[in-house]
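Let's see what sits behind each one.

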Amino acid sequence: MNSDQFQKNSMFVETPEDGGKNFDDDGRVRRTGTWITASAHIITAVIGSGVLSLAWAIAQMGWVAGPAVLFAFSFITYFTSTLLADCYRSPDPVHGKRNYTYSDVVRSVLGGRKFQLCGLAQYINLVGVTIGYTITASISMVAVKRSNCFHKHGHHVKCYTSNNPFMILFACIQIVLSQIPNFHKLWWLSIVAAVMSFAYSSIGLGLSVAKVAGGGEPVRTTLTGVQVGVDVTGSEKVWRTFQAIGDIAFAYAYSNVLIEIQDTLKSSPPENKVMKRASLIGILTTTLFYVLCGCLGYAAFGNDAPGNFLTGFGFYEPFWLIDFANICIAVHLVGAYQVFCQPIFGFVENWGRERWPNSQFVNGEHALNFPLCGTFPVNFFRVVWRTTYVIITALIAMMFPFFNDFLGLIGSLSFWPLTVYFPIEMYIKQSKMQRFSFTWTWLKILSWACLIVSIISAAGSIQGLAQDLKKYQPFKAQQ
């Protein structure tokens, strides 16, 4: 969440009369966030649509490599998030100048062309995530309708349903939420979203346990996942494994909003220490859910695990519980969409204010009274720009509604630059680490290894998208 954008309408000049009691050291309204609220924001940002594809990802790699890759991404994400937390203030991690966004941190520590590359990588990722959340939310809403259809008419019925009306509904909700200027004050939305993520993950976990314990038709699971010559061809095995790595990378993507979350924390105790604690709690919590959902989902469905284990209809009954789980997904993604799009909104609106400082359309705030809701500040540029953005992301989601492939590609493209490369480079620069020292060397090795992983997983996702596009007809109901 972009606190620079959140708080721009509530900034005041500190006066001697108030003694600075209501302001932080940067002159902004005093921040009140704690490790509890930060943990909730992290869980909201991390546990999203990624959890739904983990059973499929484990199925591609098997009992050995699947959990190993999950734990590896968990450790790398936590480790680099601790490096990034120390860069919120620079040059000193406790008493230095605050940086309000991920891009601000890179500009302050690295500067130059690396700052430009970071901005490009970050905003491409944020746009991709909001498109991915639009796809996933609509798929979950469609799943509710199809679940009721299957319950009423039987599992043999096709129950074709278009995603498009539900993408339009999701977009309309986001257009309304996007007009709220001080989104950080809606702290309860992140709490609700976190509860929703726990709910649908727990339901999926419970249904997997029930399926495993209930017996029924036996499923095939292996140490190496889907079998060549039985489930897939040799080339499909390779491409799917690469894509599965990308799906897991996407499941752990949150570094690009870590600074914005850290900027909500109060200054005592030091923000970097609180953020490291929140990151540990958030990553441990999500990894526990990921391992349980992925492994038990694989145990329940075997090598035939669906791409989305709550909407791919590996489960049919109890239909009302499936419906509730998918509603929880949609509600969670309503909040998560806003968490990820706020930095985009802030970037464009800050640029607009700098480009047209005297424009009333861009800078003017107009108080509008809404019955039963009170008075809200309305900016015409904010209304037009944010509405246009939501509509564009919805249209792209309608044209490319490929769940696993899209998530894998986003995860692959964003994991190395945002989660690994920039945090490591900034930590090396800020700590003035000696070149070719032991720590410098192994940090560089980690960065290069993650780059290779990102490249191969991106290749797998692109191959999957190419295959899907060959048989896809846009704006038509799919099976």
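Q: First, which angles count as oblique, and which get another label?
A: Angles under 35 degrees count as roughly parallel, over 145 as roughly antiparallel, 65 to 115 as roughly perpendicular, and the rest as oblique. Keep in mind that this is a predicted model.

Q: What makes H5 and H14 roughly antiparallel?
A: Helix H5 (residues 112–153) packs against helix H14 (residues 403–430) at about 150°. The label needs an angle over 145 degrees, so this pair qualifies as roughly antiparallel. The axes of H5 and H14 lie 9 Å apart, and the handedness of their crossing is left-handed.

Q: What kinds of residues make up the contact of H5 with H14, by class?
A: There are 15 nonpolar, six polar and two charged residues in the contact of H5 with H14.

Q: Where is the kink in H14?
A: At Phe415, shortly before the proline Pro417, with a bend of about 45°.

Q: Why is H14 described as largely enclosed by the rest of the structure?
A: Buried means under 20% relative accessible area. In H14, 24 of the 28 residues are buried, so the helix is largely enclosed by the rest of the structure.

Q: Why is Val390 called buried?
A: Val390 has a relative accessible area of 1%. The cut-off is under 20%, so Val390 counts as buried. Its place is in helix H13 (residues 380–399). The C-alpha atom of Val390 is separated by 6.9 Å from that of Gln174, and the two residues are 216 residues apart along the chain.

Q: What makes Lys432 exposed?
A: Its relative accessibility is 74%. Exposed means over 50%, so Lys432 counts as exposed. Lys432 follows H14 and is found in the loop between H14 and H15.

Q: Why is Phe436 called exposed?
A: The relative accessible area of Phe436 is 60%. With the cut-off at over 50%, Phe436 is exposed. Phe436 is also found in the loop between H14 and H15.

Q: Which peptide bonds to proline are cis, from Ser90 and from Ser268?
A: A cis bond joins Ser90 and Pro91, with omega about 5°. The bond from Ser268 to Pro269 is cis too, with omega near 0°. For context, most peptide bonds are trans.

Q: Where are Pro91 and Pro269 found?
A: Pro91 is in the loop between strand S1 (89–90) and strand S2 (97–98). Pro269 is in the loop between helix H9 (258–262) and helix H10 (271–301).

Terms used
Residues numbered from 1 in each chain as written. Predicted model: local features only at pLDDT ≥ 70, side-chain atom pairs only at ≥ 80, totals over all residues. Heavy atoms only, no water. Axes fitted to C-alpha atoms, helices over the stretch in contact; angles between N-to-C directions. Helix = DSSP H or I, 4+ residues; strand = E, 2+ residues; numbered from the N terminus. Left-handed = near helix turned anticlockwise from the far one by under 90°. Nonpolar A, V, L, I, M, F, W, Y, C, P; charged D, E, K, R; others polar. Bend = angle between axes of the 7 residues up to and from the residue. Buried < 20%, exposed > 50% of the residue type's maximum accessible area, 1.4 Å probe, protein only.
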